[in-house]
Amino acid sequence: MRDYFLRRFLLIPPTLLGVTLLVFALTRILPGGPVEKAMQAAAVRAMSERGGGGRDAGATLSDEQKEQIKELYGFDKPFYHAYAVWLGIWPREVDKVRATFAPGLDAVPVLLRTLLPRSQWTPTSAYAVQDATLHKDGTLTTSSGAVPDGWKVRLESFDGKAGASVYRHRFDGVLEGNLGLSTRYNMPVAQMMTARLPISFFYGFVTLILSYSVCLPLGIVKAIRHRTLVDNLSSILIFAGYAVPAFALGSLLVVFVAGRLGWFPIGGFVSENFSALSAWGKVKDVFDHAALPLVCYLVGEFALLTMLMKNNLMDNLAADYVRTATAKGASFRRAVFVHAVRNSLIPVATTLGHHVAYFVGGSILIERIFDIDGFGLLSLTSLVDRDFPLAMGTLVLSSVAMMLGNILSDFLVAVLDPRIRFT
């Protein structure tokens, strides 16, 4: 069994590689990406300055500017090259400087700027600056005649003029812990994801605790008291809740319970004055805001887990080993809770991977309705805004969470039933 789980963990990197490669390739062929949005924004700014109008989103940009935009977002290279740079197995061109040679000149001064570590930033600059001279033959020298260490030169042509790009190579991708910059917000993707994760983790964790602590005992009671008043009434309630989509229920709760009755806040994770509240006030404020979203999170899970537990327990109560245990003198309580319940938990354990993914992904529709800045809403906005670095970052984390959740489900199944041997 140890070898099985070791193989499962070793399969995570290639699986993640295949998923991210496929989605990264799709980002290269989907229309309306960050390059088009940047060109459209430039056109809007130009039209507002002129006070006129125009249809061509790129008409206000020169060919060189368009190439610079494509280069900024990595669209100037084949997708496999850009994917290797994003992954961190191919060096990225950083601190790039462009220069053109005036007619009759064989050299041009350039200013080399190297981004310093954040701890060395000053209020006026975040770069180390070095003067250098770029020669038309592609050589680069400083005032002392030395070649700057680590800098490379690539001769190019800009708008028909001879020039060159001066840059440095640096491995700076996912393997180095860098998920890139958001094209929409110009912020590090990892920083944006870290800020949203605690919110989705809170809802996922509370949903997990409430659903399992309520549904499993309720399923046991329903199985033992099958077709009694308790079973029939609880079935009506949980199936009525299951029949209502979570997003539709959320809309009703926002309009009537929060909006008209004013019993709970309309949306958000906390109030605007959250920092000024006392410790108990902060706890109360969080759960006041979480009450209605949690109802939407739980309404579907209650029916699924409760009926799954009930049906499996009823099957096990009718099994031969339960009748054998009672025939040997075991009490009905012992036969149920020591033998039947444990075997009935095996199918329930397989659903845990789905709940672990909830810890990260949350629910896009529920977060949208209640205006919760969680991870699910972040994933949605990244796709709507064509923010491909952010979309890739959320994909990586969601995929890892799903795979780890499935491995955890297999582990719990093996713990509950020692007869199971994964090979």
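Strands S1, S6 and S5 of this predicted model make up an open, antiparallel sheet of three strands, arranged in the order S1-S6-S5. Its edges are S1, covering 92-100, and S5, covering 151-158, each of which pairs on one side only. From one strand to the next the twist averages 25°. Between S5 and S6 (residues 161-170) there are eight bridges, and the pairing is antiparallel. One point at which to follow this pairing is Val153, whose bridge partner in S6 is Val166.

Strand S1 also contains Asp95. The phi of Asp95 is positive, at about 55°, although the residue is not a glycine. Most residues other than glycine have a negative phi. Asp95 has a relative accessibility of 16%, and because buried means under 20%, Asp95 counts as buried.

A positive phi is also found at Arg227, again a residue other than glycine, with a value near 65°. Arg227 lies in the loop that runs between helix H6 (189-224) and helix H7 (229-243). Is Arg227 buried or exposed? Its relative accessibility is 69%, and since the limit for exposed is over 50%, Arg227 counts as exposed.

Three strands form it in the order S2-S3-S4, with antiparallel pairing. Here the edge strands are S2 (107-115) and S4 (140-141), and each of them pairs on one side only. Strand S3, which spans residues 127-135, is joined to S4 by two bridges, and these strands run antiparallel. Leu134 takes part in this pairing, with Leu140 of S4 as its bridge partner.

The next part concerns helix packing. Helix H14 comprises residues 375-384 and helix H15 comprises residues 388-416; they pack with their axes 8 Å apart and at an angle of about 140°. An angle over 145 degrees would count as roughly antiparallel, and 65 to 115 as roughly perpendicular; at about 140°, H14 and H15 are therefore oblique to each other. Their crossing is left-handed. On the H14 side, the contact is made by Phe375, Leu378, Ser379, Ser382 and Leu383, and on the H15 side by Leu390, Ala391, Thr394, Leu397 and Ser398. Sorted by class, the residues of this contact are six nonpolar and four polar, with no charged residues.

Ser251 sits in helix H8, which covers residues 246-260. With a relative accessible area of 34%, Ser251 falls between the limits of 20% and 50%, and is therefore partly exposed. In sequence, Ser251 and Phe370 are 119 residues apart, while in space their C-alpha atoms are 8.5 Å apart.

The chain as a whole can now be set beside these details. It holds 15 helices and six strands. How many of its residues count as buried? Of the 423 residues, 39% do. Among contacts in the chain with a separation of 6 or more, 67% are between residues 24 or more positions apart.

Definitions and conventions
Residues numbered from 1 in each chain as written. Predicted model: local features only at pLDDT ≥ 70, side-chain atom pairs only at ≥ 80, totals over all residues. Heavy atoms only, no water. Pairing = 2+ DSSP bridges. Helix = DSSP H or I, 4+ residues; strand = E, 2+ residues; numbered from the N terminus. Axes fitted to C-alpha atoms, helices over the stretch in contact; angles between N-to-C directions. Parallel < 35°, antiparallel > 145°, perpendicular 65-115°, else oblique. Left-handed = near helix turned anticlockwise from the far one by under 90°. Contact = heavy atoms within 4.5 Å. Nonpolar A, V, L, I, M, F, W, Y, C, P; charged D, E, K, R; others polar. Buried < 20%, exposed > 50% of the residue type's maximum accessible area, 1.4 Å probe, protein only.
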